[in-house]
Amino acid sequence: METIKTLIIGSGPAGYTAAIYAARANLKPVMYQGMEPGGQLMTTNDVENFPGYPQGIMGPHMMEDLKKQAERFGTDIRMGMATSVDFSGYPFKVTIDEQTELLAESVIISTGATAKWLGIPSEKRLNGGGVSACAVCDGFFYRGREVAIVGAGDTACEEALYLSKLATQVHMIVRKDRMRASKIMQDRVLKTPNIHVYYNSETDEVLGDAVVTGVRIKNTATGEVREIPIEGFFVAIGHKPNADIFKDYITLDDQGYIVTVPGTAKTNVEGVFACGDVQDKNYRQAITAAGTGCMAALEAERFLAAKELEVVS
């Protein structure tokens, strides 16, 4: 059975940054990229808010750059997905694709979180053509235009308020007759002149061939159907952290995110670290994911150095 010094589960900005730091520290990192190599940025057209790219960069291109940088320092990047783990003993046991068993002296989890979607065909077809699950990432492209956002929680309200500073009009589509956001967030939304809230409304279709031109919504109370001309369509109905395989050993919060010791990437299992969106429900940005990837690698280095001292003594 292969023994790996530092095993990185998942890729994306967090995983690749962890790999760069771990490789430079001679931790001989092995990365399994998972089902979506490169993470959510692989479906992002333009990234303009990551430092160092004054002209912006395509998400897939950026991920390819990070991958090459990690490989340059010696990271062994492999295809495959971790399907089960056993963190009850040391070294840790990890199974890849339900068949390959590995031992790991340290583990960095960077499996990310997956945006929840409405599940309508046009939403998928126009993803990258005006459909987005991140207003902070993509709202800038819709300055001076009309947009719509679906959601009713605090995150949806925050993103609607963010968009209201950029767009001429924000159409907020709420499925029930009320929002589930906190009262203070609801009040802020309702007091913002260019946010219009549609209650009891469901998205029937996102309109447009190659790019978004409108949205068709249906009022579930009256049956009324209307089309709203927009150029950006944002989905803010939540994210699902990809942490299920760790739940028997790693502490998760009530939403399924991995709990880390504040200010660190440490989990409740010594030697297992988490970085990126799988442990971050507040920011979910490429730059913050990369920062926690750096933290995870530095902490793995310290953990392994302490282990070596234990062996020597």
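A pocket, as I use the word here, is an open set of grid points with protein on both sides within 12 Å along at least five of seven lines, and its lining residues have an atom within 4 Å of a point. I am working from a predicted model.

**Entry 1: the second largest pocket.** I looked up the lining and found 16 residues, with V150, V174, R175, K176 and I237 nearest the centre of this pocket. The volume came out at about 340 Å³. Sorting the lining by class gave me eight nonpolar, three polar and five charged residues. I also checked which element gives the most to this lining: it is strand β16 (residues 201–207), with three residues.

**Entry 2: helix α5.** Next I went to α5 (residues 154–164) and listed its buried residues: A156, C157, E159, A160, L161, L163 and S164. What lies over them? I noted that the cover includes helices α4 (135–138) and α6 (183–190), along with strands β13 (146–150), β14 (169–173), β15 (195–198) and β19 (232–235).

**Entry 3: the nonpolar cores.** I then turned to the largest nonpolar core, which has 30 residues; M62, I108 and F273 touch the most other members. Two or more residues come from each of α1 (12–24), α2 (59–72) and α7 (286–312). The top contributor is α7, with eight residues. A second, separate core has 23 residues, I9, V30, I96 and A274 among them. A reminder to myself: in soluble globular proteins, nonpolar side chains tend to be buried together.

Notes
Residues numbered from 1 in each chain as written. Predicted model: local features only at pLDDT ≥ 70, side-chain atom pairs only at ≥ 80, totals over all residues. Heavy atoms only, no water. Core = buried A, V, L, I, M, F, W, Y, C linked by side-chain atoms within 4.5 Å. Buried < 20%, exposed > 50% of the residue type's maximum accessible area, 1.4 Å probe, protein only. Helix = DSSP H or I, 4+ residues; strand = E, 2+ residues; numbered from the N terminus. 1 Å grid on protein atoms, 1.4 Å probe; cavity = no way out; pocket = protein on both sides within 12 Å on 5 of 7 lines; lining within 4 Å. Points joined across faces, edges and corners; volume = space filled by probe spheres on them. Nonpolar A, V, L, I, M, F, W, Y, C, P; charged D, E, K, R; others polar. Contact = heavy atoms within 4.5 Å.
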